[in-house]
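Welcome, and please load the model in your viewer. We will go through it one selection at a time.

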Amino acid sequence: MKMVAVCIGCLLVVTGCESTADRVQINAQSLHSDAVDGATLAGEIIAGRAGATFARAHAQELQDDTSQIDKNVYDQRLPRYNDLQQLADQIGAALGSMAVKPDDKSLAQSARATLLRLADDAQRMTS
């Protein structure tokens, strides 16, 4: 019996004991990071410093990350699921538009403004 208690204690230490609030904050921080990185990419597209191949690949990578965060939030049944899901969807859509048209400066400008606004929304969720 004592051995079982020790094993359970070790398992909790190894897997971590994150609270629900911690998981919400971690996912919101990840979305914030993806939005800021996407806004930076959009700025590079606008300035003509990002090639189409790089911009497409990087935007797609960031979009994939937001999709994974969305899945994690759903699987974890976090309290602010709807807010996090909506944020992930909106960030993913802005990134997806850049992945489809990576050399469209007008689209990049619109995506940049959207991503900066969404980054602020994600930042507020971490407070």
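Start with the whole chain and its contacts, where contact means heavy atoms within 4.5 Å. Of the contacts in the protein chain with a separation of 6 or more, 75% are between residues 24 or more positions apart.

A word on the ground rules. This is a predicted model, in which local features need pLDDT of at least 70 and side-chain atom pairs count only at pLDDT 80 or more, while totals for chains, interfaces and linings use all residues. Residues are numbered from 1 along each chain as its sequence is written, and side-chain values use heavy atoms, with hydrogens and water left out.

**Cartoon view.** The protein chain has five helices and zero strands, with helices (H or I, at least four residues) and strands (E, at least two) taken as DSSP runs numbered from the N terminus. Buried residues, those under 20% relative accessible area with a 1.4 Å probe and protein chains only, make up 32% of the 127 residues.

**Colour by pLDDT**, the predictor's confidence in each residue, from 0 to 100. The chain averages 89, and 86% of the residues score at least 70. Now select residues 4-15: here the pLDDT is below 50, and the stretch has one contact in the model beyond near neighbours in sequence.

**Select α3 (residues 52-76) and α4 (residues 81-100).** Their axes come within 8 Å and cross at roughly 165°; axes are lines fitted to C-alpha atoms, for helices over the stretch in contact, with angles from 0 to 180 degrees between N-to-C directions. The two helices are therefore roughly antiparallel (an angle over 145 degrees). Show side chains next: R56, L62, D70 and Y74 are among the α3 residues that meet α4, whose partners include Y81, Q85, D89 and M98.

On the α2 side, pick out V24, L31, G38 and I45, among others; on α4, the residues include L84, L87, I91 and L95. This contact divides into 13 nonpolar, one polar and no charged residues.

Methods. Angles under 35 degrees count as roughly parallel, over 145 as roughly antiparallel, 65 to 115 as roughly perpendicular and the rest as oblique. Buried means under 20% relative accessible area, exposed over 50%, partly exposed in between (1.4 Å probe, protein chains only). Ala, Val, Leu, Ile, Met, Phe, Trp, Tyr, Cys and Pro count as nonpolar, Asp, Glu, Lys and Arg as charged, and the others, Gly among them, as polar.
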